Amino acid sequence: MKTEMKASNECLYPTDVFLISCGMGCKRITVTDIAYIEAMKDNCIIHMVDGKRYTQSCPMGDIEPELNPDMFKRIHRSFIVNISYIDIYYYGHVVLENGMEVHIGDKYREELKSSFHFWGSRNRNK
């Protein structure tokens, strides 16, 4: 998933399709179908909305810059989530549409919270 370094004004996520290694070849996946990405040692497990999983032999730091930050947020050192698939957000956790509950790391909490618009909350800035 590594790409060449691009000028700071160039978009790092120009496509909505990735080719990932799969067995002896490559598999095309649509970025919007990624529910979340989980780091596990030196691998990343890409969890798709349909329940399929693909394991990539690379660190999370190689994948994260390739993802649109308006769509994907790192919420823990081991998790990047597609914010369109967050079903419930509550202090310290998110629950995805598939029922997966993920803890939000302290250092990621404020950035994630700023990604949402809260209605009907008097304490929306706390």
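Two strands count as paired if DSSP finds at least two bridges between them, and strands themselves are DSSP runs (E, at least two residues), with helices being H or I runs of at least four, everything numbered from the N terminus. All the views below come from a predicted model, where local features need pLDDT of at least 70, side-chain atom pairs count only at pLDDT 80 or more, and totals for chains, interfaces and linings use all residues. Residues are numbered from 1 along each chain as its sequence is written, and side-chain values use heavy atoms, with hydrogens and water left out.

**View A. An open sheet of 3 strands, in the order 8-9-10.**
The pairing here is antiparallel. Strand 8 (86–90) and strand 10 (101–103) sit at the edges with a single partner strand each, so one side of each has no neighbour in the sheet. On average, neighbouring strands are turned by 20° against each other, direction ignored (axes are lines fitted to C-alpha atoms, for helices over the stretch in contact, and angles run from 0 to 180 degrees between N-to-C directions). Zoom in on strand 9 (residues 93–96) and you'll find 3 bridges to strand 10; Val-95 has Glu-101 of strand 10 as its bridge partner.

**View B. The hairpin of strand 4 and strand 5.**
Strand 4 (residues 43–48) and strand 5 run antiparallel, joined by 4 bridges. His-47 stands opposite Arg-53. There are 4 residues between the strands, and Gly-51 takes a positive phi near 95° in this hairpin.

**View C. Strand 5 (residues 53–56) and its alternating side chains.**
The cut-offs: buried is under 20% relative accessible area, exposed is over 50%, and partly exposed is in between (1.4 Å probe, protein chains only). Gln-56 comes in at 5%. Skipping neighbours within four places in sequence, Gln-56 is in contact with Ile-20, Ser-21, Asp-42, Asn-43, Cys-44 and Ile-46, where contact means heavy atoms within 4.5 Å.

**View D. Salt bridges, 3 of them in the whole structure.**
Each one is a side-chain nitrogen of Lys or Arg within 4 Å of a carboxyl oxygen of Asp or Glu. Arg-74 and Glu-64 make one, with the closest N and O atoms 2.8 Å apart. Arg-74 belongs to strand 6 (residues 72–76) and Glu-64 to the loop between helix 1 (60–63) and that strand, so this pair ties together parts 10 residues apart in sequence. Glu-64 is partly exposed, at 31%. Lys-73 bridges to Glu-111, the closest N and O atoms being 3.9 Å apart. Since Lys-73 is in strand 6 and Glu-111 in helix 2 (residues 109–113), the parts tied together are 38 residues apart in sequence. Lys-73 counts as buried, at 12%. Asp-106 and Arg-109 also meet, at 2.9 Å, N to O; Asp-106 is exposed at 62%, whereas Arg-109 is buried at 9%.

**View E. The largest nonpolar core, with 16 residues.**
A core is a set of buried Ala, Val, Leu, Ile, Met, Phe, Trp, Tyr and Cys residues joined through side-chain atoms within 4.5 Å. Ile-29, Ile-34, Ile-37, Ile-46 and Leu-67 touch the most other members. A second, separate core of 12 residues includes Ile-83, Val-94, Val-102 and Ile-104.
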